[in-house]
Amino acid sequence: MNKQLLFVKRPIGEANADTWSLVTNPIPEPKEGEVLIRQHYISLDPAMRGWMNDSKSYIEPMEIGSVMRAGSVGEVIASNNHPKFKVGDFVSGHGGVQQYTATDGKGYYPVDPKLAPLPMYIGTLGMPGMTAYFGILEVGKIKEGDVVLVSGAAGAVGSIVGQIAKIKGCTVVGIAGGPKNCNYITTELGFDGAIDYKNEKVRNRLKELCPKGIDVYFDNVGGEILDIALTQLRMHARVVICGAISQYNNKMAIKGPSNYLSLLVNRASMQGMVVFDWAKRYGEAAQQMGTWMAQGKLKSKEDVYEGIENFPPTFNRLFSGEKMGKLVLKVIEGDL
């Protein structure tokens, strides 16, 4: 049987147990040209909260009654004349929050569990890693000597952004929640400084740590922190809008920046980025980051929880800050 998590109610504010329904259905049979994938791990990402809204975005909103959309990685266990994948292959794609999925393979790519643990393929070597790589290098256009500020710095994307910036010779300050997360990004990841937004005044600490301002701000949170960062921009600074996790569960209108005129004064730019725009170059990024990891320059951390029935509370760890690195849910039952 196939356990599936269905999306049954559009949340207002924070998603809760009523947002989804856990059902059990027969394992699907692959049709002609399809494969059956036994999924091992599901990716949990802040973007999933936006997919629940019935509003225009870079991707169609989820339909009520559909399997909860999510990135995934698993093993091909059956093939009905699929032209690309065979039984025993491991693949990653968007299989949704379920234990098995039958697919024509569109959007899936092969992965090798001998080269890296499977959760890493939905983390550093998956969408979060691609987002960090292209966001900071192509949109942020960092160069040696830049002062880089990263919000959500202990998360899946922010932690990689900061490390890449360090590799490229930048001074990096991260904003994270709580002493544990702040210690993690400075002690383990090599950030030059950390701001604890839960226990410190962000504006004051930012001035202390970046007295001459910032060249690049990589924004994962939006809201008040984005507004504060705008006040510290240097001439020709770049602001990368990757996400706005502080706003996703709002019951009121999204809070926009009031200090946007800093962009004008400093001849700065603010640009949004969606990782799918660089899909043709994912291989290039994965190869480079794999090299950095082999050299010990880039660290990857996956925070793994177990049980498809535990998806709702695990998902909300994205917004409470009760996780470190990439949040992953193991949905396969039994030992691997």
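Q: Is tryptophan 292 buried or exposed, and what is its relative accessible area?
A: In this predicted model, a residue counts as buried when its relative accessible area is under 20%. Tryptophan 292 falls under that cut-off and is therefore buried, with a relative accessible area of 5%.

Q: How many aromatic pairs does the count come to, and what kind of pair do tyrosine 133 and tryptophan 292 form?
A: When rings of Phe, Tyr and Trp are paired if their centres lie within 6.5 Å, the count comes to eight aromatic pairs. For tyrosine 133 and tryptophan 292 the centres are 6.2 Å apart and the planes stand at 40° to each other. Planes under 30 degrees apart would count as stacked and planes over 60 as edge-to-face, so the rest count as tilted. The pair of tyrosine 133 and tryptophan 292 is accordingly tilted.

Q: How many residues apart are tyrosine 133 and tryptophan 292, and which helices hold them?
A: Tyrosine 133 sits in helix α2, whereas tryptophan 292 belongs to helix α8, which covers residues 282–294. The pair thus links distant parts of the chain, and the two residues are 159 residues apart.

Q: What kind of aromatic pair do phenylalanine 134 and tryptophan 278 form?
A: The ring centres of phenylalanine 134 and tryptophan 278 lie 5.7 Å from each other, and there are 10° between the planes. Because planes under 30 degrees apart count as stacked, the pair formed by phenylalanine 134 and tryptophan 278 is stacked.

Q: Which parts of the chain does the pair of phenylalanine 134 and tryptophan 278 tie together, and how many residues apart are they in sequence?
A: Phenylalanine 134 and tryptophan 278 are both buried. Phenylalanine 134 lies in helix α2, while tryptophan 278 lies in the loop between β13 (269–272) and α8, so the pair ties together parts that are 144 residues apart in sequence.

Q: How many of the residues of α2 are buried?
A: The buried residues of α2 include Pro128, Gly129, Met130, Tyr133 and Phe134. For one of them, tyrosine 133, the relative accessibility is 8%, and therefore it counts as buried. The helix α2 is mostly covered, and its buried residues number ten of 13.

Q: Where does threonine 124 lie, and with which side chain does its own side chain make a polar contact?
A: Threonine 124 is placed in the loop between β7 (109–111) and α2 (127–139), and it counts as buried because its relative accessibility is 5%. Residues that threonine 124 touches, leaving out those up to four places away in sequence, include Gly129, Met130, Ile160 and Glu302. The side chain of threonine 124 also makes a polar contact, at 2.7 Å, with the side chain of serine 300.

Q: How much space lies in the largest cavity, and which helix supplies the largest share of its lining?
A: A search of the whole structure finds one cavity of 30 Å³ or more. Among the residues that line the largest cavity are Thr124, Ala156, Ser159, Ile160 and Ser300, and by class the lining has three nonpolar, five polar and four charged residues. The space in this cavity is about 70 Å³, and the largest share of its lining, three residues, comes from helix α3 (residues 156–167).

Q: What is the volume of the second largest pocket?
A: The second largest pocket is lined by 31 residues, and those closest to its centre are Ser92, Gly93, His94, Gly107 and Tyr109. Its lining divides into 14 nonpolar, 14 polar and three charged residues, and β5 (90–93), β6 (100–103), α2 and α8 each supply at least two of the lining residues. The volume of the second largest pocket is about 720 Å³.

Q: What distance separates the C-alpha atoms of glycine 158 and valine 111?
A: Glycine 158 has its place in helix α3, and with a relative accessible area of 1% it is buried. Apart from neighbours within four places in sequence, glycine 158 is in contact with residues including Val150, Phe191 and Asn220. Valine 111 is 47 residues from glycine 158 along the chain, and their C-alpha atoms are separated by 24 Å.

Q: Is glutamine 232 buried or exposed?
A: Glutamine 232 is found in the loop between α6 and β12 (233–241), and the residues that it touches, not counting those up to four places away in sequence, include Leu206, Lys207 and Cys210. Since buried means under 20% relative accessible area, glutamine 232, at 12% relative accessibility, counts as buried.

Definitions and conventions
Residues numbered from 1 in each chain as written. Predicted model: local features only at pLDDT ≥ 70, side-chain atom pairs only at ≥ 80, totals over all residues. Heavy atoms only, no water. 1 Å grid on protein atoms, 1.4 Å probe; cavity = no way out; pocket = protein on both sides within 12 Å on 5 of 7 lines; lining within 4 Å. Points joined across faces, edges and corners; volume = space filled by probe spheres on them. Helix = DSSP H or I, 4+ residues; strand = E, 2+ residues; numbered from the N terminus. Nonpolar A, V, L, I, M, F, W, Y, C, P; charged D, E, K, R; others polar. Buried < 20%, exposed > 50% of the residue type's maximum accessible area, 1.4 Å probe, protein only. Polar contact = N/O pair within 3.5 Å; in protein donor to acceptor, adjacent residues only side chain to side chain. Contact = heavy atoms within 4.5 Å. Phe/Tyr/Trp six-rings, centres within 6.5 Å; stacked < 30°, edge-to-face > 60°.
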